[in-house]
Amino acid sequence: MHVSTHNFGIVVAAGIVIAVSSVAAQVPAKPADTVAKTSADTVKKAADTTAKPTADTVKKAADTTAKPTADTIKKPADTTKTPATSAAALAAAALAGSSLPSLGPNTVIFGGELGERAFIDRPNHLDFAKLVEYKAVPTGPVLLNLLLGFTGSDSITVFQLSGTNFGQRDQAVRLRANSPGVFDVQVRWDRIPHTFSTNARSFGSQPAPNIFVLPNPRPDTATWNPSAPYLAPVRTLWNAVKVAAAFTPSPHWDLRTEYTGIEKSGSRPMGMAMGGPGNNFREILEPIDQTMQDLKFTEGYSNQRFQVIGSYDYSAFLNTFASVTSDNPLLSTDQATTGSSRGRTALAPSNQAHTGVVTAALSLPYRTRLNASGSYSLWIQNQPFIPATINSAIVADLSQIPQSLGGHSGTSSLYVSGVSRPITPLTLTARLRTFSFRDNVDVASMPVLIINDRSVAAAEDRDNLPFTRRNADAAATWRLETAVPLTFSAGYGWENWKRSEARNVADLREGSPHFSLDVGVFDWMSLRSSYTTGRRRIHGEYIQNTTDDQPLHRRFDQADRDRERTNLLATVTPLDQLTMSGSWTVGHDEYPHSAYGLQSDRNNMEEGDVSWALTDRFSVDGSLTNERFLTRLRSQYRATGQLNNPTYDWVANNHDEIRTVSAGFRAAFVPDRFEAGGRLDASRAKFRMATFNPLTPTGGTATQNFNATASDLPEVTQKFQPMNLFATYFVTPEWGMTVRYQTERWAQNDFRTLGLQPSTGSAIFLGNNLNDYNAKYITISVSYRPRLRRVARPAL
Amino acid sequence: MRIGSRPLFGIALLALCASGAGGQVTAMPPADSLPPGYAGSASCLDCHAKEHAVFAGTVKGRLLVGRPRDKHEALGCESCHGPGKAHEQSGGEELGQLITFSPRSKTSVKARDAVCLSCHEKTARVMWAGSVHETRDVACTSCHTLMHSVSDRANLRRETAPATCGRCHQQRVAQMLRASHMPVGEGKMDCTSCHNPHGSPNEKLLIASSVNEVCFACHAEKRGPFMWQHPPVIESCSNCHDPHGTAHEKLLKVPKPRLCQQCHDPTSHPTQPRGITAVDARFIQGRQCVDCHFNIHGSNHPSGKYFTR
């Protein structure tokens, strides 16, 4: 165990320098966690009160208020000159008379937390991948968070710069200017890492990010496995910037402009099928250098009866790399039929999209409201095709291959809904929605295909796959304001898919009755329940796309299906400070007419949680969730000459069991002097792919019979357990010292990657695995918090 | 790093807006000109000074207490809680016509929500009426609180959106703690990155007209259109992925190769059950089916029909 503290003194000094240069808040207030609540007695007495005002009466009352005079909006001189006005005094000044209070002078708020992090138990660098999947855990000095705010004198406009994890791979910075009801401008810059591996191995060189070269002669298995060098961590990094500016020039108009730019860089694992010799493949790294730009304008108009919003969104995706090329690990010269010395795979093409949406709502008599929305989106992709093959030995006429796709696909949708309350206890709702995907491209077929840069195939048509999905739903809700308030809802949903003939089913329909019952057993206890059942049926035929498809197989997204969903949620609030809830969910999909394919999909979930603020100073929460998933698949091994051998049937039962525990506490042992908190999350999962043959495979060749023989795949287990504890001692109400102790445990036993060697002969992997670790690290920090608000701390 | 100019653009926007800051303010009406039934907020302080002091420090509080923009806001406490004269005159013994918002309030959810919607039924809340949350009697104050600041934004009842939504959608919270998850716990996104809890014309309260279009907001490389398309990908990412978190890599609902074998039934390798043998290595180990079929979301290679190119 080793704790590095060599920089801590520097850190403290730096913190003090920053603090000295800051100006503290001028308006002290109670801490944010001092919860304001109406007394329980007061609430109880409300039960006796039958007359209740509506929002309209409140509004109307406001309209009768006497118009203010010039005197009433004149600021009293005494309050503007007061350097430090308490919030209570401010409020009293506001409410006692008819004049506006001073909101104080120019105010600068500063807060920050600077510290030093060190590992107590540091995982091996090859085992780091999961720990830093979406975050960074640097050691040494760390600027955990920073807040700088400014409010002008007598202004409610707030300017704020805040951020977390400055300088780290996962830093977040936000700049905000907000004047409630007038404008809100936010700039957010997030860096989002995604680490895939820290123990990938591979031979060769990379003269360009998208070219992977192997030496000649090619390394064999005996060389790959012991000698392939480790690569640098395989990860991507997103730099995401979002600028949003909202402006409300009048209470009726809202204007909003949003710009989002995401730059993605780095690499991630990808496979490249070489095809030959021996259907070999090699795992390499996909180079990531992509940019997304999105600009959206939204304009809204609203009055008391009518609201309308229109928006236009332009989105562009640019990929620097159109393809990636890799040497074939088993072949160093191009050959016409055996295979190519190199493979070349297309990467995601650059594309653009234009999207327009109009949404409107209208309030009508009888508490009726109509909503409507329509959208249209055009997706354009016309990036030049890369050559059909990289194999120089291929003999084929490639001159007729089109230059690019000329894609101009997209979606459109139309939605109409209405809700009406003709009498007080009754609510009627109806919805109708249609959504269409247009698959429009200029290229109807490809005259020749070179499969895996090896084999020449005849012309292939491109399947156009447009579809339309229509939904309708009508429901009635009856609310009984009895001693035990009941709300019962019953409705019927209907859905229809129209697909192209390139799919299996052209017309699929589903009817779904649904019910819900909400019961307010007591004013401190409620039950919410819902039940949905659905029957989806094919109208017309199930068409097999190719002659070698199993005729009785049904794809789950187009098969007949019987569905049931049941949800139950109980919430108990015996005290305003104590909430307990439990929920139970059962989902069950059966595919009654699928002799082969997915047979059933079941899931069960039970959950319980409690949240208790014992006092203003101490709160605890905890939850436990159990989930089980079971999918049952029936398939049939289909080999040459054995296309429908019933003994080649096999069944796979996929079981997932996941248990999640979460617990946390927060305590102010000595308010504004000593506080502590912590959280433990633990997710444990195991899944099995149990597989068996109902009958012993016979009838084919020995090899075919062997291939048809099913066996269980090994169980996979996972444990993911982050924990975070902190204790803060406030030297003054503003200055604090915090010690954070964090651990993260990861353990996985996955036969698919554990112990995977880079080479198995015809398959060349990166050989990476998310190795186990039990990381423990500690962060000691100095913080300064303004009195008006707490500085945001990293989520516990 | 080509991103440097964008924050500057934001700063310029900030300055632009700051120059236009301000707006009309309306003073608190004198006590003798209050509408019938109203006591004036000053009387609230007699008993609720502590709550008011905290509220006055919030953004909303500074607006209502310090700079009301119209006569309605100038009513202060009573602009939301309604006329309080009866409550005041009973010495707090009776609520009278007051509207209360606590979790155990006797005020009906509709009456409570009507107060909020009288100002906020626009922009993202246009489709609140008839939405699943509205029809199930979820109150505005089930998720939001104004009297004190808990969250960094949106006046949420809990510190973050997932914690707020998780009060009812507990399974989603548990999913986000699974090994395969999106960076929600890391604070890089939250429920509202994909959903509009206030109502939406789209399924599952999504913010775009289909699941795919929500995903394309960050994963535009999957948008295409491609020369060779994988039908279930076009129809919904959720055919294979559960974005809330799973125990399988890449948020897959079912582990490969079984995920793919649910649909792929022609002759040859897809229908073989596969075991732990060297021959099956490239089908079972590493990234399984995607070891070879890398472009499974669609390929723009002229020869990419099988998504291997």
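1. Between the two chains, 173 residues of chain B are in contact with 245 residues of chain A, contact meaning heavy atoms within 4.5 Å. The model is predicted: local features need pLDDT of at least 70 and side-chain atom pairs count only at pLDDT 80 or more, while totals for chains, interfaces and linings use all residues. Residues are numbered from 1 along each chain as its sequence is written, chains are lettered from A in the order in which they are written, and side-chain values use heavy atoms, with hydrogens and water left out.

2. About 17300 Å² is buried between chain B and chain A, 60% of it from carbon and sulfur atoms. This area is the accessible area (1.4 Å probe) that two parts lose on being put together, summed over both.

3. Chain B and chain A share 19 salt bridges (a side-chain nitrogen of Lys or Arg within 4 Å of a carboxyl oxygen of Asp or Glu). One of the salt bridges is between A:Asp453 and B:Arg309, at 2.8 Å from N to O. On the side of chain B that touches chain A, helix α1 (residues 5–19) of chain B gives the most, with nine residues. Helices are DSSP runs of H or I with at least four residues, and strands are runs of E with at least two, numbered from the N terminus.

4. Helix α3 (residues 59–66) of chain B is largely enclosed by the rest of the structure, because six of its eight residues are buried (under 20% relative accessible area, 1.4 Å probe, protein chains only). The buried residues include B:Arg62 and B:Leu63.

5. In chain A, strands β8 (residues 234–250) and β9 (residues 253–273) pair in the antiparallel sense over 13 bridges; pairing requires at least two DSSP bridges. A hairpin of two residues joins β8(A) to β9(A).

Note on methods: Buried means under 20% relative accessible area, exposed over 50%, partly exposed in between (1.4 Å probe, protein chains only).
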